[in-house]
Amino acid sequence: MSIVGPLLFAAMMVLPAWFASMDDQAEKKIAVVDHTGKYLNAIEDTEYFKFSWLANNNQSDIEDTYQDKGFAAYLVITDDLQKKSDAVTIYSDVQITIDVKQHIARQLEKFIEQERLNSYNIDGLDEIIKNIHNVDVDVSIITLGDDGSQKESFAEVTMIAAIVFAMLVYFFVLMYGTQVMRGVIEEKTNRIVEVIVSSIRPFQLMMGKIIGIAMVALTQFLLWVVFTVVLIFGVKTVFFGNEEMPTRMDGQIEMMQSANGELSQDQTAEFAETFQKILEKTKGLDLIGSLVAFIFYFLGGYLLYAGLFAALGAALDNETDSQQFVMPVMMPLILSIYVAMAAMRNPDGDIAFWFSMIPFTSPIVMMARIPFQPPVWEIALSMTLLAGSFVFTTWFAGRIYRTGILMYGKKVSYKELWKWFLYSKK
Amino acid sequence: MIFLEAKQVVKQYAKHLALDHVSIQVPENSIYGLLGPNGAGKTTLIRIINQITGPDAGEVLFNGRKLQPDDVTRIGYLPEERGLYKKMKVGEQALYLARLKGLSKHDALKKLKYWFEKFELQSWWDKKVEELSKGMQQKIQFIVTVLHDPQLLIFDEPFSGFDPINANLLKQEILDLKKKGATILFSTHNMGSVEELCDHITLINKSKAILHGPIEEVRQTYKDNLVQLDFTGNPDLLTEKLAQQYHLEKLEAINSHHSAHIAMGADGSINHLLGSLLNDFEIHGLKEVLPSMNDIFIKVVEQSNNQSQPQK
């Protein structure tokens, strides 16, 4: 999983786009009947749709015979589209898809736009229009530090970082928290718990499990970090060699071509450019600080929830019972994701502030705020609260755990769990 | 000398009194049977001795002093519901459980080697537990229970689920352990094993201890004053002869002779019986029939249940 994980993530992002772009179609011929005669050849052919303007602009001619003549559909334009914009209809015996409809509409719109421009009779109007639209504004963001320093940051990257961090905490806490629960249930169902508890206290068993799984989670995370770093450096070395990365686009393209002649010129140029931009922009983030924060919030969140999951496992006899009790424990986690999304738009707002303090939601919400560099005192307060709460939930869970692991067959309700909590061992 | 003592132990669960002032005294180096119907409270008492739960009142004395947390290293416990981690390797798991009981890795490995060879399990050291048959898993569980040479061994329903061969093996091992000096407490429904192994017993029913004592004494207390007479002769004549004083409970023909169970009555004397029969029968043997533990169990429990019911 440690190796496969990042590959799966990458695949998840690449594959859907790839599938969408995959073409799986046969060529279709569409006949066009234009009553107005104005739009001759206005619609360009695409790779799959070929439009044939019929010399005879008579709908009745083509209505019954279009299929015999090899057409999949026929398009009828009845009137001047500038006067009546819906005077175009496509007829077919199969369902016409969106991309066909959009293509036709866009082509006709372009044609009409051009017509209108031409009606003004201005020389060189086309060139003027092209120059007007050829603009690309890039706003730079500079964050002012308290010490007067200036650091450039990039909105997109911080946004992505926020999302990534929030999701990572969510997944890790959920994945490893439920692993704790499953471990407890396994020990309960195969009855080994009684032998172990005759040698050590139940609390020790629970903590051992929680800490052990935390170690596994940290190891996996570190492996991913190492793997990603290796991957990035690998890509960098393969495509750019050991030299300083060139800042000129041309230089990049040259290097790409020499490194790997198989990729097309456009693709490699694009890739190189994007890759470098990403690397530059991530320098704006405080990566080390974020990683440290991530480890803290992941551990804090995990420990907070792991105790609860252990208590749940102790209360249940088997996994099928678990669903109804797992939901309330998962609710805050799921809620956190929604709040985190709001926090990304308004990182210093009230909602973001409060939810990054409440221990049940703070791991995810605060991690989403970290790329936006919230005040240090807020981070400190949030961490303290989280640390305090997980001590509390672990203690609370421990009391439920030690009674629950030896109880079998009892129908568990919240009242029952409360009784277990109150039950004190001498 | 009493090695383990429970004094007036009380355990109350929410709606149920599990132990009602139960006391037991287990002599050193004896095999002590803890008997009773299901739900009587035996497992609760055992869990208290193992410090898995604590009593609400009363105390447990281990070797003359109050039970302490580190006594767990001196007690070996094989619970009724026993399990092992399925996906863990046999050797690794046995080592882990041994070390939980306080053994060093080196000692544990040495002793495991001895036991694995004794039970012929060496080739299974690196296999996962789920690959073993049930009988083998039971052997492993037994090994980890006794590995650290505990002074006190507690077996809760040890024979349940064992096939006759393994059950016999277990019996031999328990006797062996006694020879090596351990004190053994086991709870069971298997009355045959009680008769074969136990020196003392306590019978618990409905949270109370209702019967104590060395086995012989108990059987003496509950005897029906039956004797078994093996003889050659005319069985009808026997019935006649016995009619006045004694009651013929059972008459069996075995090969060329007969066996009769005769109720002596409270005042009957064996000498007198023999005297009255000597002239007419060839007597092969005469012995007192002590009730089986099974019969005693049923009798005592039923009695106790009747007593606790309101009189009509």
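This is a predicted model: local features need pLDDT of at least 70, side-chain atom pairs count only at pLDDT 80 or more; totals for chains, interfaces and linings use all residues.
Begin with the four strands of chain A that form an open sheet in the order β2-β1-β3-β4, with mixed pairing. Select β2 (49–53) and β4 (88–92) of chain A: these strands stand at the edges, each with a single partner strand, so one side of each has no neighbour in the sheet. From one strand to the next, the twist averages 25 degrees.

Now select strand β1 (residues 28–34) of chain A together with β2(A); the two run parallel and are joined by five bridges. Within this pair, display Lys29(A), which has Lys50(A) of β2(A) opposite.

**Helices α10 and α14 of chain A**

Next, select helix α10 (residues 287–315) of chain A and α14(A), whose axes come within 8 Å and cross at roughly 15 degrees. An angle under 35 degrees counts as roughly parallel, and α10(A) and α14(A) are therefore described in that way. Their crossing is left-handed. To see the contact, show the side chains of α10(A), including Phe296(A), Gly300(A), Leu303(A) and Leu304(A), and those of α14(A), including Met383(A), Leu386(A), Ala387(A) and Phe390(A). Colouring by class shows 15 nonpolar and six polar residues in the contact of α10(A) with α14(A), and no charged ones.

**Helices α14 and α15 of chain A**

Which residues make the contact? From α14(A) they are Phe396(A), Arg399(A), Ile400(A), Thr403(A) and Gly404(A), and from α15(A) they are Leu417(A), Trp420(A) and Phe421(A). By class, the contact of α14(A) with α15(A) has five nonpolar residues, two polar and one charged.

Ile400(A) and Gly404(A) deserve a separate selection: both belong to the contact of α14(A) with α15(A), and both are listed in the contact of α14(A) with α10(A).

Turn to chain B and select strand β1 (residues 2–13) and strand β2 (residues 16–27), which run antiparallel and are joined by eight bridges. With two residues between them, β1(B) and β2(B) form a hairpin. Pick Gln12(B) to find one of the paired positions: its bridge partner in β2(B) is Leu17(B).

Finally, display both chains. How many residues of chain B are in contact with chain A? There are 17, and they meet 13 residues of chain A. On the chain B side, nine of the residues are nonpolar, four polar and four charged.

Key
Residues are numbered from 1 along each chain as its sequence is written. Chains are lettered from A and ligands numbered from 1 in the order in which they are written. Two residues are in contact if their C-beta atoms, placed from the backbone, lie within 7 Å. Ala, Val, Leu, Ile, Met, Phe, Trp, Tyr, Cys and Pro count as nonpolar, Asp, Glu, Lys and Arg as charged, and the others, Gly among them, as polar. Two strands pair if DSSP finds at least two bridges between them. Axes are lines fitted to C-alpha atoms, for helices over the stretch in contact, and angles run from 0 to 180 degrees between N-to-C directions. Angles under 35 degrees count as roughly parallel, over 145 as roughly antiparallel, 65 to 115 as roughly perpendicular and the rest as oblique. A crossing is left-handed if the near helix is turned anticlockwise from the far one by less than a right angle, and right-handed if clockwise.
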